[in-house]
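Here is a short tour of one model, written to be read beside the viewer. Please keep the sequence and the 3D view open as you go.

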Amino acid sequence: MAKSALTGTRIRERRTSLGMKQADLARSAGISAAYLNLIEHNRRRVSDALVERISRAMGVDPVALSEGADSALFDGLREAVAGFEAEGAGPFSAPDLERIEEFVGRFPGWAGLLARSQARVTRLERLLEGYAERMAQDPFLATSLHEVLSAVTGLRSSAAILVETEDIEPEWQARFLATIQTESLRLSGAAEALVGYLDEMEDSETGLSSPQEQFEAWLEARDWHFPEIEAGERNLAGLIAGVPELASSAARTLALAHLERVASDARALPLDLITRDLAELGADPGAIAQARAVPINVVLRRLASLPAGLAGLAPPGLVICDGSGTLTFRRSAPGFALPRFGAACPLWPLYEALAQPMHPIRTLVDVAGRVPQRFVTYAICETRAVGFDAPTLREATMLILPAPDEVASLPARAIGASCRICPLAQCPGRREPSIVALG
């Protein structure tokens, strides 16, 4: 069923025309009045199931509430309005969100232009954030920039001596000229390498500059799923032979280790069993782990490796970190941004679990942004002893799923991706200033 971005507007209009109170409709639909108020003002997305319940409560056809103009167009306009409100109206009044459908109907060309412009602004913002994050964390960039500055300093010093010294001996003059030539070649080489590296960064969405990025690009190309392993394939090395994304031996090592873990998880929780559990228990990792007597972290990883859309499971996210907090595995959920470089948000439940081994943690989170996204996360840390008189190793795992409708009005923890690109100015966990702000 297609839903426009202003389904809430139609719900409010139909409820008002029927003379129903908001509290009565909310009670009949099984949600809170506060959440219904957010829906009616188009501040929360509404699922097909909830539209069905609301339509039954009002005695109307669900199609009358759901169908509208192109939802992508409305989403773009809503994001533009959110950005306008966050940056401050200045001399202009805030756009009337409730009249977007009227605006689209009367001026479809202008509406499309605004939506496309907003999409381009969003892409450029993401690109800028990626560049800023990479420049702050990338060791190659830091070394290259240091090399450029060092060469420039040498050039300036030698040139200043030649200009400011009137009677300089020919021998020393030749030395300084040779230094200028050497530093010029050094500067040219460093600048050429830096420009080449930045040109590679421009193709940042392929992200194949490090072994982990190559590994993750390969997983994304496979849609994070391996039907061969589900079917019992044992030649795991054959699955990575000749794969173009895995250009380095280090990336192939990461891939093979991942396949071995996927195969182990699949043996512990076969596809037919977890499909049945999803249908009977829903996407509840704790319930599935208890029903099948398998560790929770296995269930978390398993849910993130299933075929797309299996048993109605929404696209999940999964992050894994070692005892240092370094992200060793990253699968982003739609709307939940993950840092490509540097440390992640310290308020992630992932790190809370890392400090409490074997203690499962379920947390409702709001990911900061112009239009905040709500998720439910499941995190746990497992420990592994490698022998006597040896350190105990820790690994924390966090599954990320879209929050269901029934918890959308509950309080949630505000988090971001990483401090450098997080707009939460008053965050207690902030460790460095952000390059973005929402007001």
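What is the order of the six strands in the open sheet? It runs β2-β1-β5-β4-β3-β6, and the pairing is mixed.

A word on the source: this is a predicted model, in which local features need pLDDT of at least 70 and side-chain atom pairs count only at pLDDT 80 or more, while totals for chains, interfaces and linings use all residues. Residues are numbered from 1 along each chain as its sequence is written, and side-chain values use heavy atoms, with hydrogens and water left out.

**The sheet**

Helices (H or I, at least four residues) and strands (E, at least two) are DSSP runs, numbered from the N terminus. Two strands pair if DSSP finds at least two bridges between them. At the edges of the sheet you will find β2 (327-331) and β6 (413-415), each pairing on one side only. From one strand to the next, the twist averages 25°. Inside the order, β3 (residues 361-367) joins β4 in the antiparallel sense through seven bridges.

**Two helix pairs**

Axes are lines fitted to C-alpha atoms, for helices over the stretch in contact, and angles run from 0 to 180 degrees between N-to-C directions.

| Helix pair | Angle | Axis separation |
|---|---|---|
| α15 (residues 285-292) and α16 | about 120° | 9 Å |
| α1 (residues 7-18) and α3 (residues 33-40) | about 115° | 7 Å |

Angles under 35 degrees count as roughly parallel, over 145 as roughly antiparallel, 65 to 115 as roughly perpendicular and the rest as oblique. α15 and α16 are therefore oblique to each other. Their contact (heavy atoms within 4.5 Å) is made by P285, I288 and A289 of α15 with I296, V299, L300 and L303 of α16.

α1 and α3, by contrast, are roughly perpendicular to each other. Here G8, T9, I11, R12 and R15 of α1 meet L36, I39 and E40 of α3.

**Two loop residues with positive phi**

Most residues other than glycine have a negative phi. A311 has a positive phi of about 55° although it is not a glycine, and sits in the loop between α16 (296-303) and β1 (317-322). Buried means under 20% relative accessible area, exposed over 50%, and partly exposed in between (1.4 Å probe, protein chains only). A311 counts as partly exposed because its relative accessibility is 45%.

D389, also not a glycine, has a positive phi of about 60°. With 86% relative accessibility, D389 counts as exposed.
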